Amino acid sequence: MRGYSAMLLDGDFGNLTPDQTKVMKEVTNSAEHMAYLVDDLLNVSRIQSGKFMIDYSLTDLGSIVAKEVEFIQPMAMSHDIKVELTPIEPNLPQLMLDGRKLSEVVANMIDNAIFYSPAGETVTVSLTKTHDDKTDKDWLEFKVVDHGIGVPDKDQAELFTKFFRARNARTKRPDGTGIGLYLAHKIVTDQKGEIIFHSVQSRGSTFGFRFEIGKGLLKSE
C-alpha cells in the first residue's frame, strides 16, 4: 500500500487530478498509521514476553531527526500543520544507542504533535547539545513543541502508562491506542535516557528525550 500509493503520488502512472492527489495522500497517511500501529503492538508483545532488546550501535541522532521530519511532511501538510526543524548543529556527538527504536520515538512524538494541534499551527522540532548546570553534565536533547490541546493536569501522572489516553486526546483522536508514549518511555529509559515532558491544557505540549554525553558513550571525531 505504501509503495504503490507513493508511486501514484510521484506520477509514475500518469498525472493525478487535485482530488485524486488528496485521496491518495489520505491513503498514504492511513497506511503509515497502520504500519506504526503494527510496530507498536509487536513491541508491546516483545516486552510482555521478555524479548524486547536494545540493539546498540554508533548512532547519529541528527540524521535520524532530520530524516523523520522530512518523512512526515506530507502527512503534516494534509493536516495543514507546518513542521519546522530548528537547524541542527553540525558534528554533534554520536552515541551508542538503538537508532532504529529511537527513530520510532521521534516519529511518534512528531505525529502526536501534528494530530493534536489545530490546523494552521506550527510544530517545532529541535536537537541540541545542552549543559545542565545542576549536574555539570552535557546532554543531547530532542524536543517537539506544539500549541495544541495539551494534557490535563489530572491525566499527566499516567500519561506514559500502557493503554492510557488523556480525556481530551480520546475526543480529538478516537483511533489512538495509548501505546506510543508507553513505548517511548520504555525505549528511552532502557537506554539510560530521560523523557522530557511539559504540558498545559489548551496551550500546548513539549515532548522529547535527552541522553547524557559522557561515560559509556562514544563520540564521533
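Modeller: Let's start with aromatic rings: those of Phe, Tyr and Trp (its six-membered ring) pair if their centres lie within 6.5 Å, and planes under 30 degrees apart count as stacked, over 60 as edge-to-face and the rest as tilted. By this rule there are 5 aromatic pairs. This is a predicted model, where local features need pLDDT of at least 70 and side-chain atom pairs pLDDT 80 or more, while totals for chains, interfaces and linings use all residues. Residues are numbered from 1 along each chain as its sequence is written, and side-chain values use heavy atoms, with hydrogens and water left out.

Colleague: Why is the pair of Phe160 and Phe197 called edge-to-face?

Modeller: Their ring centres are 5.9 Å apart, which passes the distance limit, and the planes stand at 80°, so edge-to-face is the label. The pair joins distant parts of the chain, 37 residues apart: Phe160 sits in the loop between β5 (137-145) and α5, and Phe197 in strand β6 (residues 194-200). Helices (H or I, at least four residues) and strands (E, at least two) are DSSP runs, numbered from the N terminus.

Colleague: What makes Phe209 and Phe211 a pair, and of which kind?

Modeller: Their centres lie 5.6 Å apart and their planes meet at 65°, so this pair is edge-to-face.

Colleague: What does the side chain of Asn168 reach, and at what distance?

Modeller: The backbone oxygen of Gly150, at 2.9 Å. A polar contact is a pair of N or O atoms within 3.5 Å; within protein, one must be able to donate a hydrogen and the other to accept it, and residues adjacent in sequence count only if both atoms are side-chain atoms. Leaving aside residues up to four places away in sequence, Asn168 touches Ile149, Gly150, Pro152 and Gln201 (contact means heavy atoms within 4.5 Å).

Colleague: What makes a space a cavity and not a pocket?

Modeller: On a 1 Å grid over the protein atoms alone, a cavity is a set of points where a 1.4 Å probe fits but cannot get out, and a pocket is an open set with protein on both sides within 12 Å along at least five of seven lines; lining residues have an atom within 4 Å of a point. The whole structure holds 1 cavity of 30 Å³ or more. The largest cavity has about 630 Å³ of space, and among its 39 lining residues Asn108, Asn112, Tyr116, Gly180 and Leu181 are the closest to its centre. Helix α4 gives the largest share of that lining, 8 residues.

Colleague: And what is the volume of the largest pocket?

Modeller: About 450 Å³. Its lining has 22 residues, with Thr28, Asn29, Glu32, Pro74 and Met75 closest to the centre, and α2 supplies the largest share, 8 residues. A volume is the space filled by probe spheres set on the grid points, which are joined across faces, edges and corners.
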